[in-house]
Amino acid sequence: MRKNREFIPGGVVSINRAIEPEIVFVKGQGAYLWDAEGNRYIDYHAAFAPHFLGHNDPEVTEAVVRVLQDGASLYGTGTTKLEGQLAELICRNVPSVESIQLLNTGSEATYQAIRLARAVMGRDHVIVMQGGYNGWHNDVSCNLMTPLEQLGPRVSPGEYPYFSISAGIPVEHRKLVHPVNFNDLESVQYVCDSYPVAALITEPILQNIGVVKPEPGYLEGLRRLADRFGFVLIFDEVKTGFRHAVGGYASIAGVNPDLAVFGKAVANGYPLAVLGGKKDLMDYFVHPEPSKRVLLGGTYNAHPVPTIAAIATVERLLRNGGEVYHYVEHLGERVQKGIENIVSELGLTAVVSRQGSAFCLYFMDHCPKDWHDLASHHHFKVDEQMRREMIERGVYFFPLATKQCSISFAHTEEDIDVTLEQMKTSLAASSSAHSHPPVSV
Ligand SMILES: Cc1ncc(COP(=O)(O)O)c(C=O)c1O
């Protein structure tokens, strides 16, 4: 670690991985991680959620090895059978997707989705969610876990200022981006009445601040507003897609976006993202008129390794009537009930919010409806300490308050039961250390 600091700023290549306690992990297999000192952890971080089948899933690994042994390479010219196979698999199984492009990361895909929307609509303004994360580029590097002191009182209907989470974003660019509360249709309408909006991008469940679900009718309401004001509705399913259903959370909600972006679980940990949606929009990538054509390139797009990993993953997810989803739902219920029992035994004020394999424990008396609600009521210090206590006891919860926990297909009932045992001790220790209520604005 000290050596890495000599050559890498902060000693780590992705700054959101720079977190205390600093642990050097050396192996991941199934539901477990091992550190350099030989300690084993039951993993609920899953590298920010891609490992839905578990680390190094044997079937995915075998497919990757096979494709390399067969001599597949990155040809970088023409099309390939593999990319065609994956495209067909996705288009046939994701209801909102008629046509796709493949990229390497979620950020590239959300970048392209917004650019495509601007090209189609001939407008520049974009609506984003306070508390949503859609990647690192200029349109979306803002308003994630904005401190309440900076955010101020709830704004509705209306918009929050662009609170950057990165230096280097041009001031003029910030004026094109309008952050609003999740679950707040009136604010979307307010922005649409005030600016020519090209697109609204949102995770259908906010899963970068735990598990903040859409209220009944919210996603349908976004669809209606998109149709009325003519903006492109983009669902960022980088975290929710394939983890909750092969068709994405959109298929569970029964609401079709115009464009959808997938990543993470689609290739079970290999670097691949998908941008897909309505064919007439996607065709702007090959628009006959050069001034309307959207540039999409990328040396590594559809590299055979992540592409075969995605094919193997999606085929596994589709098998046996969706047994993967039934199993993780069963484990999810077990963890939720177990935590709820512990919370009530210890007399704590806390609630579990869960969608299938993704869950989060909030130290407040209701499931949050948006970031402002969460930031106003959640007890961040208890949350963080609980996570550190869990790590000391061999269960890896990412040690940053409100981060979602991810169960994988490789977890067992026994893993869940061990987790619950450790949770009981960890919760008792962390809640007694911080008995003061959180600050409210
Ligand atoms: C919802 C969502 N969108 C986009 C991204 C960006 O994806 P990537 O880190 O692959 O660029 C993330 C990453 O965590 C995400 O959670």
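**Entry 1: the sheet**

I began with strand 2 and strand 3 (residues 40-43), which pair in the antiparallel sense over 3 bridges. I am working from a predicted model. Strand 2 and strand 3 make a hairpin, with 4 residues between them. In that turn I noted G38, which has a positive phi of about 90°.

Next I went back to strand 1. Strand 1 (residues 25-29) and strand 2 (residues 32-35) run antiparallel and are joined by 4 bridges. I checked Q29 and found its bridge partner in strand 2 to be Y32.

I then followed strand 3 to its other partner. Strand 3 and strand 13 run parallel, joined by 2 bridges. Here D43 stands opposite Y396 in strand 13.

What is the order of the strands in the open sheet? I read 1-2-3-13, a sheet of 4 strands with mixed pairing. Strand 1 and strand 13 (395-396) stand at the edges, because each has a single partner strand. One side of each is therefore left without a neighbour in the sheet.

**Entry 2: the ligand**

I listed the residues around the ligand. They are T105, G106, S107, Y133, N134, G135, E203, N208, D236, V238, K239 and K264. I sorted this shell by class and got 2 nonpolar, 6 polar and 4 charged residues.

Then I looked up distances. For S107, a polar side-chain atom lies 2.6 Å from an oxygen atom of the ligand. For N208, a polar side-chain atom is 2.9 Å from an oxygen atom of the ligand. Y133 uses its backbone: an N or O atom there lies 3.3 Å from a nitrogen atom of the ligand. On its own the ligand has 390 Å² of accessible area, and the protein covers 84% of that.

**Entry 3: F363**

I turned to F363, in the loop between strand 12 (358-362) and helix 13 (371-377). Is F363 buried or exposed? I count F363 as buried, because its relative accessibility is 7% and the cut-off for buried is under 20%.

I set aside neighbours within four places in sequence and checked contacts. F363 is in contact with T349, A350, H377, H378, H379, V382, D383, M386 and L427. I also looked at A350 by itself. A350 and F363 are 13 residues apart along the chain, and their C-alpha atoms are separated by 4.2 Å.

**Entry 4: R387**

R387 lies in helix 14 (residues 380-392). I noted R387 as buried, at 2% relative accessibility. Which backbone oxygen lies 2.8 Å from a polar atom of the R387 side chain? I found that of K403. Not counting residues up to four places away in sequence, R387 touches C360, F397, F398, P399, L400, A401, T402 and K403.

T402 from that list got its own check. T402 sits in the loop between strand 13 and strand 14 (405-406). T402 is not a glycine, yet its phi is positive, near 75°. T402 counts as buried, with 0% relative accessibility.

**Entry 5: Q85**

I looked up Q85 in helix 3 (residues 81-93). Q85 counts as partly exposed, because its relative accessibility is 39% and that class runs between 20% and 50%. Leaving out residues up to four places away in sequence, Q85 touches I311 and E315. I also took a distance to T299. T299 and Q85 are 214 residues apart in sequence and 20 Å apart in space, C-alpha to C-alpha.

**Entry 6: backbone notes**

Where is F48 found? I placed F48 in the loop between strand 3 and helix 2 (58-69). F48 is not a glycine but has a positive phi of about 65°. F48 is buried, at a relative accessible area of 15%.

I noted two cis peptide bonds. One runs from E20 to P21, with omega near -5°. P21 lies in the loop between helix 1 (2-7) and strand 1. Another runs from S156 to P157, with omega near -5°. I found P157 in the loop between helix 5 (148-151) and helix 6 (171-174).

Terms used. Residues are numbered from 1 along each chain as its sequence is written. This is a predicted model: local features need pLDDT of at least 70, side-chain atom pairs count only at pLDDT 80 or more; totals for chains, interfaces and linings use all residues. Side-chain values use heavy atoms; hydrogens and water are left out. A residue is near a molecule or strand if one of its heavy atoms lies within 4 Å of it. A polar contact is a pair of N or O atoms within 3.5 Å; within protein, one must be able to donate a hydrogen and the other to accept it, and residues adjacent in sequence count only if both atoms are side-chain atoms. Accessible areas come from the Shrake-Rupley method with a 1.4 Å probe; for residues, only the protein chains shown count as cover. Ala, Val, Leu, Ile, Met, Phe, Trp, Tyr, Cys and Pro count as nonpolar, Asp, Glu, Lys and Arg as charged, and the others, Gly among them, as polar. Two strands pair if DSSP finds at least two bridges between them. Buried means under 20% relative accessible area, exposed over 50%, partly exposed in between (1.4 Å probe, protein chains only). Contact means heavy atoms within 4.5 Å.
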